[in-house]
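Student: Can you walk me through this structure? I have not looked at it before.

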Amino acid sequence: MTELEDVVATVDEQVRPDAAERERLAAAVDTLTERVAHALAESDIPAEVVAATDVLQVGSTARGTWLSGDRDIDLFVRFPSTIDREALETYGLVVGRAVLPEGHEEYAEHPYVTGTFDGFDVDLVPCYDVDDASKTQSAVDRTPFHNAYLTARITDDLARDVRVFKRFLKGVGAYGSNLRTRGFSGYLTELLVLEYGGVVALLEAAADWHPPVEFDPEGHGTRDHDDPLVVVDPTDPARNVAAVCSATNVARLQHYARDLVDQPRTDRFFERDPAPLTEDAVRAHLQRRETTPLAVKFDAPDLVDDQLYPQLTKSLGGIGRELDSLGFGVLRSAAFADAHAVLLFEVETRTLPAVARHEGPPVHVRAHAEGFFEAYADDEDVYGPFIEGDRYVVERPRGWTDARAFLASDAVLDVALGKHVESTLETGYDVLAGDAVATLAEEFGTELARYFEPRP
C-alpha cells in the first residue's frame, strides 16, 4: 500500500457511515416511501395517474456514497409523462405536503417540498417518468437515469473512493454544484472516480490535467462544449455534467491534488473555515494594503442562493467594469450575502484628477484625424487638441472623480445589474468607504477572512 493509499483508507474510516447509521437511514426511507404510497392513495389524484406513479430514492444515500453525518434523503415521485406541467406541480405538492406536513416549498425548475424526518433532511421531488434521459420534460427527469447508471457500476470499493474524493473536495472548498460555489456535484464526483477506477488514480491524473479536459464515458457526445472540464453525461449525449464547475474550482482541484500527491496526509481532507476577522483585524489589513475599499451594502433580496448569487455576480461584474472604465482601477472584488448583501470593491485610488488624457488617431490618417480635431477644436472644456508624437491629444473633463460618489449616485443603476439587485438598490443602500468597511466584520467576518487571507 502506498502512502497515499494508506491516507485514503484512514480518511474512509472517518467518513464511512457505520451500520447503525445505514440502518436508521434505510428505516427512514422505508417509512417515507410508505407515506408517499398512502398519500397517493388518499388523494384526489386520478386513479389512473396514481396507478402509473412510483417513488424512487436517488442521490448519494441511494448509492452508498454519502459521508457519515450527512443527513440528506432525496425521494423522487415519478408521475406519468402524459400529465401536463401544471398537474405535475399540483400533484407533487399534494403528495409532498401530506408526507412532510411540517415541511416547506422550495423552487428549482418547479416547486417541491422539503422538510425533516427522524433527523434527516428530506427533499420530495416530483418528476416525469420518461423512457429516455435525452427526452426530458423537466430538468429533474434525468436524475433517475443518473441513479440507475451509477448503481449498476459503483462497487463497494468505488463507493469508498467516492466518499474520500467528496471529503477531499469539501476540504479544499470545491464541492457543491450550487451557483454560489460552482464546484463539483455529487454526480460529477462519482463519474470521475468511475472514469479513473479509483480516487488515487484520479488525484494523480488531475495533478497533470491540461484544461480543457474532456471525458465521454459512453463515447456518444453530440456537441462541443466550451468549458475547462467536460464530462459528457452518459445518459444524455448533449449535456456536460461539469458545465457549472468554474475554471477556478478546476484549478483548485489541481493545486491541492498536486499538494496531496507530493505530501500525503489526512489533514488536507478536513480544512476548516478561517477564523472570522474582527474589525481591528480588517483595519490592519487595509492599513497594510494602502488601497481604498468600497462596499455597496443592501438588504439581501429574498431569493434562494441559486437565484441570488448569479445576480450578485452579474452586479459585481457590471459595477467593477464601470469603476475600471472610469479609471479607479479595481484590484479585486467579492460578493457576500446573509441578511444583507455586499458588493465589495478594492480600488487602487478613490479620487482622480479632474481631467483625463484622451489620444486621437495619428495626424497622417487624414479623415479620422480631421474628425477628431474638429470634434474638440471649439470645446472650451478640454485642453487641446495638441500634437504629441504623431497623434492629436486632448485632456477632457472626467465624468466622475470620486469612486464613492459614483457608487452613491443613480449612475450605478445604469450598469449591468441583476434584476432583483437593481430593484433593491432603487429602494436604498449604503456605501461604505475606507475604514468603514471594517464594520462589515460583525456580519461577514469569515468572508472577509477569506478575502484578506486568501488561499488557493
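What follows is a chat about a sheet, some loop residues and a few aromatic contacts.

Tutor: Keep in mind that this is a predicted model.

Student: Ok. Which strands make up the open sheet, and in what order?

Tutor: Five strands form it, in the order β1-β2-β5-β4-β3, and the pairing is mixed.

Student: Which ones are the edge strands?

Tutor: β1 (54-58) and β3, each of which pairs on one side only. On average, neighbouring strands of this sheet are turned by 35° against each other, direction ignored.

Student: What lies across the sheet strands? Start with helix α2.

Tutor: Helix α2 (residues 19-42) lies across β1, β2 (72-80), β4 and β5 (120-129). Its direction is at about 30° to β2.

Student: And which strands does helix α6 lie across?

Tutor: Helix α6 (residues 143-151) lies across β1, β2 and β5, and runs at about 60° to β1.

Student: Back to β3. In what sense does β3 pair with β4?

Tutor: Antiparallel, over four bridges. The two strands form a hairpin, with three residues between them.

Student: Which residues face each other there? Say, what is the bridge partner of Glu105?

Tutor: Val113 in β4 is the bridge partner of Glu105. Glu106 stands opposite Tyr112, also in β4. In general, side chains in a regular strand alternate between the two faces of the sheet.

Student: Where does His110 lie?

Tutor: In the loop between β3 (104-107) and β4 (111-117).

Student: Buried or exposed?

Tutor: His110 is buried, because its relative accessibility is 2% and the cut-off for buried is under 20%.

Student: What does the side chain of His110 make a polar contact with?

Tutor: The side chain of Ser138, at 3.1 Å. A polar atom of the His110 side chain also lies 3.3 Å from the backbone oxygen of Pro126. If neighbours within four places in sequence are left aside, His110 is in contact with Arg85, Leu88, Glu89, Val125, Pro126, Ser138 and Val140.

Student: New topic. Where is Arg71?

Tutor: Arg71 is in the loop between α4 (60-63) and β2. Its relative accessible area is 22%, so Arg71 is partly exposed.

Student: What does Arg71 touch?

Tutor: Not counting residues up to four places away in sequence, Arg71 touches Glu21, Arg24, Asp118, Gly119, Phe120 and Asp121. Two of these can be described further. Arg71 lies over the face of Phe120, at 4.2 Å from the ring centre. A polar atom of the Arg71 side chain is 3.4 Å from the backbone oxygen of Gly119.

Student: How far is the C-alpha atom of Arg71 from that of Thr61?

Tutor: They are separated by 8.8 Å, and the two residues are 10 residues apart along the chain.

Student: Which ring does the charged end of Arg153 sit over?

Tutor: The ring of Tyr149, 3.7 Å from its centre.

Student: Now the aromatics. How many aromatic pairs does a search of the whole structure find?

Tutor: It finds 10. One of them is Phe168 with Phe269, which is edge-to-face, with 5.6 Å centre to centre and 65° between the planes.

Student: Why does that pair tie parts together?

Tutor: Because Phe168 lies in helix α7 (residues 156-172) and Phe269 in the loop between α10 (247-262) and α11 (279-289), so the parts it ties together are 101 residues apart in sequence. Phe168 is buried, with a relative accessible area of 0%. Phe269 also counts as buried, at 0% relative accessibility.

Student: Which residues form one aromatic cluster?

Tutor: Phe165, Phe168 and Phe269.

Student: Last one. Where is Gly428 found?

Tutor: In the loop between α15 (419-426) and β14 (430-433). Gly428 counts as partly exposed, at 39% relative accessibility. From Gly428 to Lys297 the C-alpha to C-alpha distance is 9.4 Å, and the two are 131 residues apart in sequence.

How values were computed: Residues numbered from 1 in each chain as written. Predicted model: local features only at pLDDT ≥ 70, side-chain atom pairs only at ≥ 80, totals over all residues. Heavy atoms only, no water. Buried < 20%, exposed > 50% of the residue type's maximum accessible area, 1.4 Å probe, protein only. Polar contact = N/O pair within 3.5 Å; in protein donor to acceptor, adjacent residues only side chain to side chain. Contact = heavy atoms within 4.5 Å. Phe/Tyr/Trp six-rings, centres within 6.5 Å; stacked < 30°, edge-to-face > 60°. Lys NZ or Arg CZ within 6 Å of the ring centre and 35° of its normal. Pairing = 2+ DSSP bridges. Axes fitted to C-alpha atoms, helices over the stretch in contact; angles between N-to-C directions.
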